[in-house]
Amino acid sequence: MTITETTSSPGSNPLGAYLRDRRARLDPMAFGFSSERRRTPGLRREEVAQRANVSATWYTWLEQGRGGAPSADVLDRISRALELSTVEREHLFLLAQHRLPEVRFAPSDIVTPTLQRVLDSMEFSAAVVRNATWDIVAWNRAALAVLGDYPNIAPEDRNVLRILFCRPNIRAKMPDWENDARFAVAAFRADITRSGASERAQTLIDELCRISPDFAAMWHDNDVSSYGEGRKHVNHPVVGPFTMSYSTFSVDGQPNLGMVVYTPETAADAERMKALIAAKGP
């Protein structure tokens, strides 16, 4: 069967335009296809269809805007056939189904030098980076002074929930520990579900349920919440009580990492934080 290359304007068929553009960027020889007698660059439609294991006629209709709504499975196969990146795959789903694809959890704890420099630039704001299961993977000097001595915590214990529920000294510094802990558990549940990390987090959840009756009770309440922004109250044994406002930020290009930044709420809070940072030393 000969398949005629017809096109429509990108505005009337953005999905088709995107598919044509992506296949035009691929080298046929890299996939074992001959590069001879090609009027246009890239793979032919039937070659993409072959790689995706779909009908060449149906794929042609899809590019022409008359193939109907493709399933998630077919879109995944087309994504692989076109060797789309994660961002390109998401864009394909948005064009074809007007929604993002189902979350694929890919654990990554890589903190780039650039991201670490961002943390270090915040001299008087405590900042940490945590992964999808809330392991703390990076921090700045202010965080060490105000939040915890992370280098002296074993990596497997350097987890927000482990610290919150298993370290009495941390609990003693939190005047409203129960409400803060309950909120953290609810936000953790929402985060691992959103990131697709529920299965990976199960070992941690089971362990905390065994060793902490407080965690077990809060977990079985099945509450969910968004971490977003809020306040953290600290009753420090050296400088006394102070309050920090916090905000959470996603790390672009690493959806399983999030940064939390804590800033002093008042001038007096700032002075207390500066005193702790100075006492910590370089």
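This is a predicted model: local features need pLDDT of at least 70, side-chain atom pairs count only at pLDDT 80 or more; totals for chains, interfaces and linings use all residues.
Strands of a sheet pair through backbone hydrogen bonds, either parallel or antiparallel.

Strand 5 can be followed through its pairings. Strand 4 (residues 240-251) and strand 5 (residues 254-264) run antiparallel and are joined by 8 bridges. Within this pairing, Ser247 has Val261 of strand 5 as its bridge partner, and Tyr246 has Tyr262 of strand 5. The hairpin of strand 4 and strand 5 has 2 residues between the strands, and in this hairpin Gly253 takes a positive phi near 85°. Strand 5 also pairs with strand 1, again in the antiparallel sense, over 5 bridges. Here Arg130 stands opposite Gly258 in strand 5. Strand 5 is mostly covered, with 8 of its 11 residues buried.

The loop between strand 1 and strand 2 contains Thr133. Is Thr133 buried or exposed? Thr133 has a relative accessible area of 7%, and because the limit for buried is under 20%, Thr133 counts as buried. The side chain of Thr133 makes a polar contact of 3.2 Å with the side chain of Asp135. Apart from neighbours within four places in sequence, the residues in contact with Thr133 are Asn159, Phe188, Ala197, Arg200, Ala201 and Leu204.

The next topic is the packing of two helices. Two packed helices are described by the angle between their axes and the distance between the axes. For helix 1 (residues 14-24) and helix 3, the angle is about 115° and the axes are 7 Å apart. Helix 1 contributes Leu15, Gly16, Leu19, Arg20 and Arg23 to the contact, and helix 3 contributes Tyr59, Leu62 and Glu63. By class, the contact of helix 1 with helix 3 has 4 nonpolar, 1 polar and 3 charged residues.

The structure holds 17 salt bridges. One of them joins Arg45 and Glu63, whose closest N and O atoms are 2.8 Å apart. Arg45 belongs to helix 2 (residues 45-52) and Glu63 to helix 3 (residues 56-63), so the pair ties together parts that are 18 residues apart in sequence. Arg45 is buried, at 0% relative accessibility, and Glu63 is buried with a relative accessible area of 0%.

Another salt bridge is formed by the side chains of Arg89 and Asp76, at 2.8 Å from N to O. Because Arg89 lies in helix 5 (residues 86-97) and Asp76 in helix 4 (residues 72-81), this pair ties together parts that are 13 residues apart in sequence. Both Arg89 and Asp76 are buried.

How exposed are the two partners in the salt bridge of Arg171 with Asp214? The closest N and O atoms of Arg171 and Asp214 are 3.1 Å apart. Arg171 is in helix 9 (residues 168-172) and Asp214 is in helix 12 (residues 213-219), so the pair ties together parts that are 43 residues apart in sequence. Arg171 is partly exposed at 37% relative accessibility, and Asp214 is partly exposed with a relative accessible area of 31%.

Salt bridges also form a network in this structure, and the residues linked in it are Asp21, Arg22, Arg25 and Glu88.

Terms used:
Residues are numbered from 1 along each chain as its sequence is written. Side-chain values use heavy atoms; hydrogens and water are left out. A salt bridge is a side-chain nitrogen of Lys or Arg within 4 Å of a carboxyl oxygen of Asp or Glu. Helices (H or I, at least four residues) and strands (E, at least two) are DSSP runs, numbered from the N terminus. Buried means under 20% relative accessible area, exposed over 50%, partly exposed in between (1.4 Å probe, protein chains only). Axes are lines fitted to C-alpha atoms, for helices over the stretch in contact, and angles run from 0 to 180 degrees between N-to-C directions. Contact means heavy atoms within 4.5 Å. Ala, Val, Leu, Ile, Met, Phe, Trp, Tyr, Cys and Pro count as nonpolar, Asp, Glu, Lys and Arg as charged, and the others, Gly among them, as polar. Two strands pair if DSSP finds at least two bridges between them. A polar contact is a pair of N or O atoms within 3.5 Å; within protein, one must be able to donate a hydrogen and the other to accept it, and residues adjacent in sequence count only if both atoms are side-chain atoms.
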